[in-house]
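Please walk me through this model in the viewer, one selection at a time. I would like to know what to select next and what is there.

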Amino acid sequence: MTAFNDVRMRVKPGQEEGWLAFHRDRALAPLKGMRSLNVVHTGDREYLVVGEWDSMAALAAARPEMIGMLDSFRNQLEDLGAGLGVTEPRSGEAIISRKP
């Protein structure tokens, strides 16, 4: 069943262009089972990175690679507060999927 992950992040002032370039240009091939990557601007320097996956198993298998990617730009992110650190990740299986 299709799975999704989303990660909320806030980019430090002056770091947005480099952070966006990383996501625009990075190789997705190492993330086996990833169908799509979307970056959604949700507020002032705040973004959601949303991945669509073949399955929860594929998503779980890619976590070490995703953590490695995060580590490469972690210094560009602000702490979100409330004990979250620099990211607020979530993931799960799609239970409704519709297209017009």
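How many bridges join strand 1 to strand 4, and do they run parallel or antiparallel? The model is predicted, and in it 6 bridges join these two strands, which run antiparallel. To see the pairing, select strand 4, residues 88–93. Then pick Arg-8, whose bridge partner in strand 4 is Glu-88.

Next, select strand 3, residues 46–53. Strand 3 is joined to strand 1 by 8 bridges, and the two run antiparallel. For one of the pairs, show Phe-4 together with Glu-52, its bridge partner in strand 3.

Now select strand 1 by itself, residues 3–10. Of its 8 residues, 6 are buried, so the strand is largely enclosed by the rest of the structure. Buried here means under 20% relative accessible area.

Move on to the largest pocket, which has a volume of about 390 Å³. Its lining consists of 22 residues. To find the centre, select Asn-5, Val-7, Met-66, Ile-67 and Pro-89, the lining residues that lie nearest to it. Two or more lining residues come from each of strand 1, strand 2 (34–43), strand 3, helix 2 (56–73) and strand 4. Select helix 2 next: it gives the most to the lining, with 7 residues.

Last, colour the lining of the largest pocket by residue class. The classes are 13 nonpolar, 5 polar and 4 charged residues.

Methods: Residues are numbered from 1 along each chain as its sequence is written. This is a predicted model: local features need pLDDT of at least 70, side-chain atom pairs count only at pLDDT 80 or more; totals for chains, interfaces and linings use all residues. Side-chain values use heavy atoms; hydrogens and water are left out. Buried means under 20% relative accessible area, exposed over 50%, partly exposed in between (1.4 Å probe, protein chains only). Helices (H or I, at least four residues) and strands (E, at least two) are DSSP runs, numbered from the N terminus. Two strands pair if DSSP finds at least two bridges between them. On a 1 Å grid over the protein atoms alone, a cavity is a set of points where a 1.4 Å probe fits but cannot get out, and a pocket is an open set with protein on both sides within 12 Å along at least five of seven lines; lining residues have an atom within 4 Å of a point. Grid points are joined across faces, edges and corners, and a volume is the space filled by probe spheres set on the points. Ala, Val, Leu, Ile, Met, Phe, Trp, Tyr, Cys and Pro count as nonpolar, Asp, Glu, Lys and Arg as charged, and the others, Gly among them, as polar.
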